[in-house]
Amino acid sequence: MRKTILVVDDDVRTLKLVGLVLNQEGYDVVAAGTGEEGLEKARAHGPDLIVLDVLMPGMDGYEVVQRLRADAATARVPVLMLTAKSDLDDQMTGFEVGADDYLTKPFHRDELVSRVESVLNLAEHRQTPPQPL
């Protein structure tokens, strides 16, 4: 079954590039251009993963993660921050608000795919009950 990834970024070029890369890897992609739209689409589509920019007008990515985590319908959806904010403090803030991984722009295609697969695998293992030895 194909997994759905919600990509939230106010930069149309990034939305198209990330969408193209993930489509080529066999994922269904839903795009949103604002934090508010991202929250709406997260609730409506129940994505398997959210790739989220930090720097957006209005609601930034950190607030989006906080709202996702506070909503029972989206609290367990893994989030990969994809942003130009590369300082260690920015990364730590991302993790503190609940992001599962953090990747900075510009990014390499293979690293994006690897991080997406890693976060999805970790999320899948969290949901699978442990097997007795």
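Okay, a definition to get going: a crossover is right-handed if, with the strands pointing away from the viewer, the path from the first strand over the helix to the second runs clockwise. Helices here are DSSP runs of H or I with at least four residues, strands are DSSP runs of E with at least two, and both are numbered from the N terminus.

Quick housekeeping. This is a predicted model, where local features need pLDDT of at least 70, side-chain atom pairs count only at pLDDT 80 or more, and totals for chains, interfaces and linings use all residues. Residues are numbered from 1 along each chain as its sequence is written, and side-chain values use heavy atoms, with hydrogens and water left out.

Strand β1 (residues 4-8), helix α1 (residues 12-24) and β2 form a right-handed β-α-β unit. β1 and β2 pair in the parallel sense over five bridges; by pairing I mean that DSSP finds at least two bridges between the strands. L6 sits opposite V30 in β2.

Now zoom out to the sheet. In what order do its five strands come? The order is β2-β1-β3-β4-β5, in an open sheet with parallel pairing. At the edges you have β2 (28-32) and β5, each pairing on one side only. On average, neighbouring strands are turned by 20° against each other, direction ignored. For angles in general, axes are lines fitted to C-alpha atoms, for helices over the stretch in contact, and the angles run from 0 to 180 degrees between N-to-C directions.

Moving along the sheet, strand β3 (residues 49-52) runs parallel to β4, joined by three bridges. L52 has M81 in β4 as its bridge partner. Helix α3 packs on this sheet and touches β3, β4 and β5, with its direction at about 175° to that of β4. Touching, or contact, means heavy atoms within 4.5 Å.

Next, β4 (residues 79-83) pairs with β5 (residues 101-104), again in the parallel sense, over four bridges. T83 is bridged to T104 in β5. To get from β4 to β5, the chain goes through helix α4 (residues 88-97), and that β-α-β crossover is right-handed too.

On to the helices. Two packed helices are described by the angle between their axes and the distance between the axes. For α2 (residues 35-45) and α3 (residues 61-70), the axes come within 10 Å and cross at roughly 25°. That is why we call α2 and α3 roughly parallel: angles under 35 degrees count as roughly parallel, over 145 as roughly antiparallel, 65 to 115 as roughly perpendicular and the rest as oblique. Which residues meet there? From α2 it's G35, L39 and A42, and from α3 it's V64, R67 and L68. By class, that contact has four nonpolar, one polar and one charged residues. Here Ala, Val, Leu, Ile, Met, Phe, Trp, Tyr, Cys and Pro count as nonpolar, Asp, Glu, Lys and Arg as charged, and the others, Gly among them, as polar.

For α3 and α4, the axes come within 9 Å and cross at roughly 15°, which makes α3 roughly parallel to α4. Y62, V65, Q66 and R69 of α3 make the contact with D90, T93, G94 and V97 of α4. Those residues divide into three nonpolar, three polar and two charged.

One last thing to look at on your screens. Most peptide bonds are trans. The bond joining K105 and P106 is cis, with omega about -5°, and P106 lies in the loop between β5 and α5 (109-127).
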